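Please read them with the coordinates open.

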Amino acid sequence: MKLLAIETSCDETAIAILACSGDEKNARFKILGNALLSQIELHREYGGVFPALAKREHAKNLVPILDAALEEGELLHEDTQAIPADKRDAIAKLLEREPGLEEQFFDFVSECEPPAIDAIAVTAGPGLEPALWVGINFAKALALLWEKPLVAVNHMEGHVLAALAREDSEDLVIKDIALPVLALLISGGHTELVLMKNWLEYQLIGQTRDDAVGEAFDKVARMLELPYPGGPEISKLAEMARESDDTSEFTLPRPMIHDATCDFSFAGLKTAVLNLLKNRTDISDTDKKHLAHEFENAVGDVLWKKTARALEETGAQTLVIGGGVSANKHIRRVFTDAVAKETPHVSLRIPTASLTTDNAIMIALAGYYRALRQDLAELEALKANGNRSLA
């Protein structure tokens with residue numbers, strides 16, 4: 001199956017085309033085309049993602065990104081195509097709320113053959129609803145024009161499957177996965193532990209009661225007057241402190257670390273940083289390094305302790321870490337070392353760096369798994385859901 005996947009849940013516009021084969025227990029994916037455009041530089045001045053701007057940029061970039069992905073996959077063949085009036089009217093209505101996209105869309109599709117794909121997968125949530133709608137309406141337009149089935153993908157399921165995937169030569173494979181799988185999903189909007197006892201069936205084990213961990217990273221970075229996105233900046237300073245091996249005078253709490261649940265809380269940790277800064281009229285660059293170091297250590301300690309509790313309670317055989325924060329070097333080290341020392345029977349799966357942030361490859365993986373079950377979406381019924389849950 002050749003599957004075209006579209007991702008617009010936040011500030012990355014991405015399209016990937018994968019050749020997929022196999023079943024749930026042994027699947028192989030060949031990446032034919034993969035194009036992604038990040039909006040980070042545009043949102044930096046706002047200190048976070050500005051939804052209206054994200055929506056506008058997705059509408060502006062989807063057609064060029066599609067062009068690039070098809071070209072890379074050698075699926076772009078020029079030919080004049082006449083679009084029936086009824087389809088043109090229906091597509092125009094779908095794209096009427098996406099300024100500029102309608103004209104780009106018709107200019108592009110009228111000059112190329114329908115590509116040899118079997119289905120279209122698109123992120124339906126969670127995420128920023130204005131951004132999600134652009135991708136969904138674009139997918140609907142392509143599905144209507146090319147007469148292809150649609151698959152609605154849960155963004156977080158994409159992160160789970162991306163973490164389970166391993167590189168095999170130039171392909172990705174998902175195989176030899178011991179169930180149950182426990183997934184720690186950590187990003188700007190999510191901090192949760194989810195159990196998969198059977199393929200694609202999820203149970204919520206624990207979640208944040210306030211801030212997501214990625215949100216906490218960004219808020220602390222703003223307190224330290226670091227640029228957006230804050231996570232990589234905190235990590236950079238913390239790594240510098242570790243390399244210098246200086247002794248830090250800062251001590252931060254580990255919220256809920258001894259609580260008898262698998263839930264998280266990061267609001268108190270963020271507030272502790274704020275209180276430390278309030279008592280200082282001036283904070284040096286060295287102080288910033290030490291504070292970033294202690295903050296990152298606290299986050300790593302809490303994430304592992306809660307995950308270790310969940311592993312014990314669920315008997316999970318495979319541990320997955322997914323989401324943008326899984327790119328953090330310290331968190332990866334903490335989990336790699338702790339699993340090897342404390343739970344060596346558990347297989348740890350962390351995605352490659354290119355699959356930690358939002359991308360369309362992970363949407364294609366999840367789309368294929370859903371397509372195998374004939375879990376297809378009806379064009380009229382497919383809607384964006386910014387709070388779509390996995391369990």
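1. Four elements each supply at least two residues to the lining of the largest pocket: helix H6 (155-164), strand E9 (191-198), helix H7 (213-223) and helix H8 (230-244). H8 provides the largest share, with six residues. Note that this is a predicted model.

2. The largest pocket holds about 1,400 Å³ of space. Its lining consists of 48 residues, and those nearest the centre are Ser-187, Gly-188, Gly-189, Asp-218 and Gly-324. By class, the lining of the largest pocket has 16 nonpolar, 20 polar and twelve charged residues.

3. The second largest pocket contains about 390 Å³ of space. It is lined by 15 residues, with Lys-93, Leu-94, Trp-133, Asn-137 and Lys-140 closest to its centre. Helix H3 (85-94) and helix H5 (129-146) each give at least two residues to the lining of this second largest pocket, and H5 gives the most, five residues. The lining of the second largest pocket divides into six nonpolar residues, one polar and eight charged.

4. Helix H6 deserves a separate point. Ten of its ten residues are buried, so H6 is largely enclosed by the rest of the structure. The buried residues include His-155, Glu-157 and His-159 as well as Met-156, Val-160 and Leu-161. At the start of H6, the backbone nitrogen of Met-156 has a side-chain oxygen of Asn-154 within 2.8 Å.

5. With a relative accessible area of 0%, Met-362 is buried, because buried means under 20%. A further pair to check is Met-362 and Leu-76, which are 286 residues apart in sequence and 22 Å apart in space, C-alpha to C-alpha.

6. Strand E4 (residues 119-125) has seven of its seven residues buried, so E4 is largely enclosed by the rest of the structure. Which strands does E4 pair with? One of them is strand E1 (residues 2-7), which pairs with E4 in the parallel sense over four bridges; here Leu-4 stands opposite Ile-120 in E4. Another is strand E5 (residues 150-154), also in the parallel sense, over five bridges with E4. In that pairing, Val-122 stands opposite Ala-152 in E5.

7. Is Glu-57 buried or exposed? Glu-57 has 5% relative accessibility and therefore counts as buried, since the cut-off is under 20%. Glu-57 lies in helix H2 (residues 51-72). Its side chain makes a polar contact of 2.9 Å with the side chain of Arg-56. Not counting residues up to four places away in sequence, Glu-57 touches Thr-13, Gln-39 and Leu-42.

8. Two items bear repeating for a first look at the model. H6 supplies at least two residues to the lining of the largest pocket, and ten of the ten residues of H6 are buried. In the second largest pocket, H5 is the element that gives the most to the lining.

Terms used: Residues numbered from 1 in each chain as written. Predicted model: local features only at pLDDT ≥ 70, side-chain atom pairs only at ≥ 80, totals over all residues. Heavy atoms only, no water. Buried < 20%, exposed > 50% of the residue type's maximum accessible area, 1.4 Å probe, protein only. Polar contact = N/O pair within 3.5 Å; in protein donor to acceptor, adjacent residues only side chain to side chain. Contact = heavy atoms within 4.5 Å. 1 Å grid on protein atoms, 1.4 Å probe; cavity = no way out; pocket = protein on both sides within 12 Å on 5 of 7 lines; lining within 4 Å. Points joined across faces, edges and corners; volume = space filled by probe spheres on them. Nonpolar A, V, L, I, M, F, W, Y, C, P; charged D, E, K, R; others polar. Pairing = 2+ DSSP bridges.
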